[in-house]
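Here is a short note to read beside the model.

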Amino acid sequence: MERSGHGTTPFRVGEWLCEPLSYRVSAGNQSTQVEPKVMHVLACLASRPGEVVTRRELLDTVWADTVVTEQVLSRAISELRKVFDDDPRAPRFIETIAKSGYRLLPRVEKLPNGRAASTEPP
């Protein structure tokens, strides 16, 4: 992923295939369409796996030309947690760092362009 989080290349977060251009996140036979801003938040976190990405960085990147409150970011994180069936009290995917930001916990693998479909098991 590009450092800015604006990547369009498919990537994996753990066992989940993330396709930024189609706003789709899938694993096995489960597939979910997410809103563009939610995918952008995920791409930003995936561009720096294991690192803390501050709320300010996420807001400035994802909502660059819009004045929004942190509530929209919290809602996007909540949507991602629903997709990944992640519990904020015992996170496996997105860890909240108090008074700072968020950290993506699983390994992230960038996939070659156009290879997303062929990397899925039949």
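1. Helix packing. Helix α2 (residues 55-62) packs against α3 with an angle of about 95° and 10 Å between the axes. The axes are lines fitted to C-alpha atoms, for helices over the stretch in contact, and the angle is taken between N-to-C directions on a scale from 0 to 180 degrees. The two helices are therefore roughly perpendicular (65 to 115 degrees; under 35 is roughly parallel, over 145 roughly antiparallel, the rest oblique). Helices here are DSSP runs of H or I, at least four residues, numbered from the N terminus.

2. The contact itself. Arg55, Leu58 and Leu59 contribute from α2, and Glu70, Val72 and Leu73 from α3. Contact means heavy atoms within 4.5 Å. By class, the α2 and α3 contact has four nonpolar, two charged and no polar residues. Nonpolar covers Ala, Val, Leu, Ile, Met, Phe, Trp, Tyr, Cys and Pro; charged covers Asp, Glu, Lys and Arg; the others, Gly among them, are polar.

3. Basis of the values. This is a predicted model, where local features need pLDDT of at least 70 and side-chain atom pairs pLDDT 80 or more, while totals for chains, interfaces and linings use all residues. Residues are numbered from 1 along each chain as its sequence is written, and side-chain values use heavy atoms, with hydrogens and water left out.

4. Salt bridge count. How many salt bridges does the rule give? The count is nine. The rule asks for a side-chain nitrogen of Lys or Arg within 4 Å of a carboxyl oxygen of Asp or Glu.

5. Glu57 and Arg48. Their side chains form a salt bridge at 2.6 Å, N to O. Arg48 is buried at 14% relative accessibility, whereas Glu57 is partly exposed at 31%. Buried means under 20% relative accessible area, exposed over 50%, and partly exposed in between (1.4 Å probe, protein chains only).

6. Glu79 and Lys82. Both residues sit in helix α3 (residues 70-84), three residues apart, about one turn of the helix. Glu79 is partly exposed, at 28%. Lys82 is exposed, at 59%.

7. Glu109 and Arg107. The closest N and O atoms of this salt bridge are 3.9 Å apart. Arg107 is exposed, with 64% relative accessibility. Glu109 is partly exposed, with 32%.
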